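User: I'm new to reading protein models and would like to go through this one step by step. Could you start with the terms I need and then turn to the details?

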Amino acid sequence: MFSRIAMTNSIVLLLFSLIFLEHGWLFQRVSSLGINYGQVGDNLPPPDKVLQLLSSLHINKTRIYDTNPRVLTSFANSNIEIFVTVENEMLPNLVDPQQALQWVTTRIKPYFPATKIGGIAVGNELYTDDDSSLIGYLVPAMTSIHGALVQTGLDKYIQVSTPNSLSVLQESYPPSAGCFRPEVAGVMTQLLSFLRNTKSPFWINAYPYFAYKDSPTKIPLDYVLFNPNPGMVDPYTKYHYDNMLYAQVDAVIFAMARLGYKDIEVGVSETGWPSKGDGDEVGATPANAAVYNKNLLKRQLQSEGTPLRPNMSFDVYLFALFNEDLKPGPTSERNYGLYQPDETMAYNVGLLSSSSSTSSSSTSSSIISLTSSASTGIKKGTQQLIYWTCLYLLAIQMLIRRPY
């Protein structure tokens with residue numbers, strides 16, 4: 001039985017928690033939500049301005065596509081965790097443990113822990129890159145980088161993984177049919193073994209937009225935008241899916257299970273919707289982009305899991321923070337940003353900058369509807385739980401004090 005001091009301390013802690021919840025000091029940040037900070041543009045704000053923007057939005061995770069020292073220096077002593085990237089072309093060199101150690105000691109260690117580096121992405125979409133010659137270097141490079149983190153004592157703080165395109169799947173519909181392409185299954189087994197041994201997540205870049213663009217007459221727009229819709233039922237598992245992103249995540253989980261890896265966490269390293277596209281890029285509009293990202297934000301505020309893992313929330317990184325004018329490819333590639341390079345909104349998804357005191361009343365109301373609908377329910381339920389727990393503990397303490 002608890003001592004009286006321990007019991008009293010527990011009650012005090014719970015009462016403080018109740019007070020914090022009552023004043024809304026908790027749940028201001030969505031710990032499972034991040035945003036990709038791409039830098040393929042000639043008109044983007046400097047890193048210190050980007051830090052101010054992210055901080056004002058209460059976003060505490062971001063991903064960059066290199067180890068830009070200006071970014072890592074600017075983000076020092078902030079509350080924002082950075083997920084850095086090893087460029088694809090560097091992988092052959094980093095297979096060598098000594099070169100991997102040099103990379104960690106020059107690219108990571110000088111900035112840590114002042115800059116919160118939480119993960120290293122080794123390459124990006126390597127399994128679907130045009131240069132397939134790099135695939136064989138992936139897991140050896142990851143192993144060497146992790147070994148360098150162990151040598152420098154950073155492995156307890158920094159995970160090593162790699163983002164994958166959904167095209168690594170041979171089948172993704174229905175989700176229970178998920179399986180990897182035969183040509184990558186061998187290397188994928190090595191990757192999954194590494195991730196299990198290091199307790200790192202399997203990252204995927206998942207874009208329901210691409211599926212809709214390719215088949216707009218077959219795939220309901222509401223299903224890919226998280227809007228209310230009948231959804232689909234997996235005929236084998238009977239799980240109901242009301243949006244495509246969750247179906248894609250579960251397809252990856254089923255594919256891993258087919259290779260004998262059922263216990264690896266899955267995260268979404270990129271997802272988003274373009275606000276502009278070419279004539280053949282159906283659905284690339286500001287309205288659809290706003291709806292997709294706003295609805296996804298609502299889901300993240302509720303810490304939802306997928307039908308296959310309903311009690312396990314997962315990290316999601318939105319793509320992207322800015323429109324990037326130098327990205328090659330179709331028009332959509334340059335128009336995934338929530339913001340224009342001048343830091344004005346490309347469209348409103350409900351992320352209110354705490355410094356935006358001049359926002360219009362219509363903008364403010366839409367933001368309130370996003371942040372309050374999910375978090376208020378969470379706060380009320382948690383408040384009730386803490387309230388009754390406090391009463392229960394107080395009753396136990398009174399019984400303990402009664403003379404016998």
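Analyst: A helix crossing is called left-handed if the near helix is turned anticlockwise from the far one by less than a right angle, and right-handed if it is turned clockwise. This is a predicted model, in which local features need pLDDT of at least 70 and side-chain atom pairs count only at pLDDT 80 or more, while totals for chains, interfaces and linings use all residues. Residues are numbered from 1 along each chain as its sequence is written, and side-chain values use heavy atoms, with hydrogens and water left out.

User: OK, so how do H5 and H6 cross, left-handed or right-handed?

Analyst: The crossing of H5 and H6 is right-handed. The axes of H5 (residues 97-107) and H6 (residues 138-151) come within 8 Å and cross at roughly 60°, which makes H5 oblique to H6. Oblique covers the angles left over when those under 35 degrees count as roughly parallel, over 145 as roughly antiparallel and 65 to 115 as roughly perpendicular. The axes are lines fitted to C-alpha atoms, for helices over the stretch in contact, with angles from 0 to 180 degrees between N-to-C directions; helices (H or I, at least four residues) and strands (E, at least two) are DSSP runs, numbered from the N terminus.

User: Which residues make the contact?

Analyst: With contact meaning heavy atoms within 4.5 Å, H5 contributes Pro97, Ala100, Leu101 and Val104, and H6 contributes Ser144, Ile145, Ala148, Leu149 and Gln151.

User: Switching topic, how many aromatic pairs are there?

Analyst: The search of the whole structure finds 18 aromatic pairs, where rings of Phe, Tyr and Trp (its six-membered ring) pair if their centres lie within 6.5 Å, and planes under 30 degrees apart count as stacked, over 60 as edge-to-face and the rest as tilted. In one of them, the rings of Tyr207 and Phe210 have centres 5.1 Å apart and planes at 45°, so this pair is tilted.

User: And what about Tyr207 with Phe319?

Analyst: Their ring centres are 6.4 Å apart and their planes stand at 80°, so Tyr207 and Phe319 are edge-to-face. The pair links distant parts of the chain, 112 residues apart.

User: Are Tyr207 and Phe319 buried or exposed?

Analyst: Tyr207 is buried, at 9% relative accessible area, and Phe319 is buried at 6%, where buried means under 20%, exposed over 50% and partly exposed in between (1.4 Å probe, protein chains only).

User: What does Lys327 touch?

Analyst: Leaving out residues up to four places away in sequence, Lys327 touches Val40, Phe319, Glu333 and Arg334.
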